[in-house]
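Student: I have this model open and want to go through it piece by piece. Can we begin with how the terms are meant?

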Amino acid sequence: MKRTLILAAAALAVMTLCVLAAIGYEASEGPRRVHQHLTGRQPDEGCSCDGTELCTHLPLVLIDTGGEEIPGVPLNEHSDEAAEGFTTTAEGEDMLRVQVAVLDDDSHNHHPSDEPDLQSSALIRVRGNSSRYFDKKSYLLRLTERDGSYASREVMGMDSHYEWALYGPYLDKSLIRNYMWYNIAGEIMDYAPNVRFCEVMLNGEYQGLYVMTETITSGVDSRVEVREPVEGTTSTGCVLRLDRGSETDIKNINNFTYYTYRLGRMHNISINIAYPRSGSLTQELADAIEQELSDFEKALYSFDYDSETYGYRTWIDTGSFVDYFIINEFTCNYDAGNLSTYLYKDIGGKYRMCIWDFNSACDNYTSLTTQPQHFEMQNGVWYYMLTKNEDFVRQIISRYHALRESWLSEETLNEYIDKTVAFLGDAVSRNFEVWGYTFEEYVPLRPESRNPADHGEAVQQIRDFIAERGEWMDEHIEILQQYSHPSKNKKFNH
Ligand SMILES: [Zn+2]
């Protein structure tokens with residue numbers, strides 16, 4: 001009797017832990033990451049300065065190029081033309097050497113003339129794909145020592161790295177999409193890049209609101225285990241990116257779904273190696289990474305794709321693929337699975353997905369009309385096969401319902417939006433003093449009525465989208481089962 005009770009209690013404890021794990025809460029740990037809008041300096045904490053220069057409660061980044069133009073701007077004017085290459089420095093380099101100062105001490109407001117908390121040489125270029133054509137540029141920043149070697153530094157309380165993406169919300173007039181979804185994904189998944197809002201001045205000129213972002217290659221290097229190449233072997237952790245290819249040949253791999261034309265080759269989509277980085281990536285390592293990915297993809301596209309012994313389960317962290325599916329499907333972030341799609345893997349570990357870029361999510365595509373009343377992620381190269389498996393689809397459905405009770409509940413998301421916007425304070429109006437013309441002159445979304453008239457409307461659009469999308473998915477999530485139904489996936493000889 002006593003033994004039965006103990007067993008029952010143990011079973012209950014295990015069940016409780018499973019439920020907590022399923023809804024994304026770590027018992028007694030609270031949030032898994034820093035949410036700057038909750039922990040950072042608030043806009044109403046005030047400042048005693050005389051207001052003659054920029055005064056912000058947010059971290060401030062000062063970039064001094066010595067008057068040089070930052071390279072990386074497309075040579076052709078329009079993003080719909082074929083790329084003709086990018087501008088370089090006067091010396092023909094891809095990246096420009098600059099001085100960067102960061103003011104990020106949360107105990108007081110920041111002004112351009114304050115003593116910086118971090119000062120560093122850096123290499124900088126414009127980054128992104130279509131966003132390189134925007135008036136407000138996003139940048140890739142690599143901190144360096146005076147001798148040019150890379151210098152890892154803590155920035156705005158984030159882990160120490162030398163490489164950062166300085167993302168400037170432009171198409172996203174709410175300004176909060178990436179900040180919000182990176183942080184929420186970081187609570188749900190094992191890893192999502194760290195982010196902090198900041199304001200940027202370039203050569204003394206105010207550039208508006210930015211989001212300092214850890215690059216995935218930096219983050220997996222330090223926070224989740226993706227190990228460096230083991231010397232003398234072809235064993236290595238890796239980060240792979242599905243996108244429009246790399247300019248460095250060795251990074252582009254000829255994996256199974258590429259040479260069998262299952263990737264979008266018509267649109268020049270391929271997989272390239274983002275980690276190991278250029279300096280440590282050899283042809284032998286690239287070949288081994290290509291072979292391993294192909295082995296996984298062949299298993300996934302094989303007759304035994306769903307078998308416990310030979311199928312996809314031996315290759316992927318199923319929970320990570322499930323969460324990635326749900327987050328991108330919930331936000332209709334349909335570049336995911338085609339562009340800016342990252343997966344990573346440690347030596348001897350399983351493939352996991354990592355989210356990136358919510359610029360166009362929540363109904364913010366320029367031309368793609370994303371109806372909140374459909375599913376799309378099942379068409380992605382790996383999900384096409386995964387969703388043929390009933391277990392995988394059942395996991396999506398049960399995890400979705402659990403997340404709707406926690407991080408993806410309408411109440412949680414609306415509160416997250418409200419508090420984030422309140423945290424930005426005056427920085428919003430400062431940003432739109434520079435970029436506010438976009439509300440009248442830059443209306444890229446079609447139909448034209450989708451373009452918000454002001455920041456408040458842009459934020460409301462996300463709230464409305466979440467309400468509509470959540471309601472539809474709650475009612476229809478079970479229809480994903482059609483993709484795994486035996487009538488659709490009848491095997492030969494059955
Ligand atoms: Zn001040």
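Tutor: Buried means under 20% relative accessible area, exposed over 50% and partly exposed in between, with a 1.4 Å probe and protein chains only. Helices (H or I, at least four residues) and strands (E, at least two) are DSSP runs, numbered from the N terminus. This is a predicted model, where local features need pLDDT of at least 70 and side-chain atom pairs count only at pLDDT 80 or more, while totals for chains, interfaces and linings use all residues. Residues are numbered from 1 along each chain as its sequence is written, and side-chain values use heavy atoms, with hydrogens and water left out.

Student: OK. How many residues of H3 are buried?

Tutor: Twelve of the twelve, so H3 is largely enclosed by the rest of the structure. Among them are Arg-177, Asn-178 and Glu-187, along with Trp-181 and Ile-184.

Student: And what should H3 span?

Tutor: Helix H3 covers residues 177–188, and at 1.5 Å a residue it should span 16 Å. The expected span is 1.5 Å times one less than the number of residues. The end C-alpha atoms of H3 are 16 Å apart, which agrees.

Student: Switching to strands. Which strands does S3 join?

Tutor: S3 is joined to S2 (residues 96–103) by seven bridges, and the two run antiparallel. Seven bridges also join S3 to S4 (residues 138–144), again antiparallel. Two strands pair if DSSP finds at least two bridges between them.

Student: Which residue stands opposite Ser-120?

Tutor: Val-100 does. Towards S4, Ala-122 stands opposite Leu-143.

Student: How many residues of S3 are buried?

Tutor: Eight of the ten residues in 118–127, so S3 too is largely enclosed by the rest of the structure.

Student: Now the metal. What coordinates the zinc ion?

Tutor: Cys-47, Cys-49 and Cys-55 through SG, and His-111 through NE2, at 2.0 to 2.3 Å. Donors are N, O and S atoms within 2.8 Å of the metal (3.2 Å for Na, K and Ca), and water is not among the atoms, so sites may look incomplete. Along the chain, the donors follow the spacing C-x1-C-x5-C-x55-H.

Student: What geometry does the site have?

Tutor: Tetrahedral, with angles of 104 to 113° among the four donor atoms. Four donors count as tetrahedral if all angles lie between 85 and 135 degrees.

Student: How accessible is Cys-47?

Tutor: Cys-47 is partly exposed at 36% relative accessible area, and Cys-55 is partly exposed at 23%.

Student: Next, the core. Which residues touch the most other members of the largest one?

Tutor: Trp-181, Phe-321 and Trp-382, in a nonpolar core of 109 residues. Such a core is a set of buried Ala, Val, Leu, Ile, Met, Phe, Trp, Tyr and Cys residues joined through side-chain atoms within 4.5 Å. Another core, of 24 residues, lies apart from it and includes Ile-63, Leu-118, Val-155 and Val-200.

Definitions and conventions
Four donors count as tetrahedral if all angles lie between 85 and 135 degrees; four count as square planar and six as octahedral if opposite donors are over 155 degrees apart and all others between 65 and 115; anything else is irregular.
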